Amino acid sequence: MSSFLERITTESATRGTKTCISGGEGVGKTSTAAYFPDPVFLVTAGEDSLGTLVQAGEIPATPAFPPMENWLDTCQALDELLESKKNPGTLVLDALDGFESLAAEHAKNTDFEGNRFKFLDYGKGWGVVADMWREFLSILDNITKQGTNVIILAHIEVKKMNSPDSMDYDRWQPAANKSVWALTSRWCDNILQLGCVQNVEKKDGKVKARGTGDRIMYTSPNPARVCKNRLGMEEQYLLGSSPEAAAKVITGTLNL
C-alpha cells in the first residue's frame, strides 16, 4: 500500500461551483437563475417566484421539484438527485432563509417538543440547526462533486457590523441566522450581490435616489456588503436590463 507522501499531487478534483446570490425583492434573482445552464430548481413552499414568472411568460418553462413543505422532504429530494446521477448543469435553491426555516421548524418539533421558547432558550435550538445545516451542505458538496453547480439564492437584509478596530456600521448581507450564515459563507466559493443601478442626487437640501432598469452585480468584499469570489473577478459588473443578459454575464464570470 502506497504512503500518503507518495500520493502527493498537484492535481485537484474537478467539481461544480458553490455560489450564493443575494439581492432585494424584484431584482431578478430567480429569473436570472432560470437562464443558467441546464437548471433544476428546489424551492420552499411559499417561494412562488418561479411559477409566477413562468406563468407570466417572463422566463421559459423551467424544471423544478415540487415545493418543499418540510425539512425531511428537502433532504430526501437532494438525496434522490444525488443517487440518480442525473447531474443537472445547475441546482438552484430558492431561497436560503426558506430552507433555514424548514430546518428550524424540524429542530423545534423533534428536539424541543414543538416549544418555541425551549428552542430559543440559550440558543440551543440554533445549535441543533447548525448541526443539521452542516449535513445539508455536505449533501450539496457531494452534488457538486458530480459536476453540478449549486446556486443558493438569498434575500437580503441590513445587519450591524460590530467592528473591533473602528466604529460599528451597517451593511447588506444575505438574510439568515448568524450560525447558518457563518457555515454557508465559508462553504461558498462565491458570494455575489445583485442590485439596481441608482443615481443619488441632492436638490433643495433633500437627497433623492432614482433607480434605473439596469442591474449590477457586486463580487468583492466591501464595508457596505458581504461578497467574495475565488475567481479574480472585477469588483462589479453591469448586467443589463433583462434576466437573460444578466445570466450571460454571471455564467461567464463564474465559468459555468
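Mentor: Let's begin with Arg 230, which is exposed, with a relative accessible area of 52%. Before you ask more, note that this is a predicted model, where local features need pLDDT of at least 70 and side-chain atom pairs count only at pLDDT 80 or more, while totals for chains, interfaces and linings use all residues. Residues are numbered from 1 along each chain as its sequence is written, and side-chain values use heavy atoms, with hydrogens and water left out.

Trainee: Why is Arg 230 called exposed?
Mentor: Exposed means over 50% relative accessible area, buried means under 20%, and partly exposed is in between (1.4 Å probe, protein chains only). Arg 230 has 52%, so it counts as exposed.

Trainee: And what makes Arg 230 and Asp 189 a salt bridge?
Mentor: The term asks for a side-chain nitrogen of Lys or Arg within 4 Å of a carboxyl oxygen of Asp or Glu. Here the closest N and O atoms are 3.0 Å apart, so the pair qualifies. Arg 230 sits in the loop between β8 (206–218) and β9 (236–240), and Asp 189 in the loop between α7 (178–187) and β7, so the bridge ties together parts that are 41 residues apart in sequence. Those element names come from DSSP runs, numbered from the N terminus: helices are H or I with at least four residues, strands are E with at least two.

Trainee: Is Asp 189 buried or exposed?
Mentor: Buried, because its relative accessible area is 8%. Salt bridges with shared partners also join Arg 15, Asp 189 and Arg 230 into one network.

Trainee: How many salt bridges turn up in the whole structure?
Mentor: Nine. Another one of them joins Asp 170 and Lys 160, at 3.5 Å from N to O. Asp 170 is in strand β6 (residues 169–174) and Lys 160 in strand β5 (residues 156–161), so this pair ties together parts 10 residues apart in sequence.

Trainee: What about Glu 105 and Lys 108?
Mentor: Their closest N and O atoms are 3.4 Å apart, and they form a salt bridge. Both lie in helix α4, three residues apart, about one turn of the helix. Glu 105 is partly exposed because its relative accessible area is 39%, and Lys 108 is buried because its value is 17%.

Trainee: What makes Trp 71 and Trp 133 a stacked pair?
Mentor: Rings of Phe, Tyr and Trp (its six-membered ring) pair if their centres lie within 6.5 Å; planes under 30 degrees apart are stacked, over 60 edge-to-face, and the rest tilted. These two have centres 6.0 Å apart and planes at 25°, so they are stacked. Trp 71 lies in helix α3 and Trp 133 in helix α6 (residues 124–145), so the pair ties together parts 62 residues apart in sequence.

Trainee: And why is the pair of Trp 133 and Phe 136 called tilted?
Mentor: Their centres are 4.6 Å apart and their planes at 45°, so the pair is tilted. Trp 133 and Phe 136 are both buried. Ring pairs link Trp 71, Phe 99, Trp 133 and Phe 136 into a cluster.
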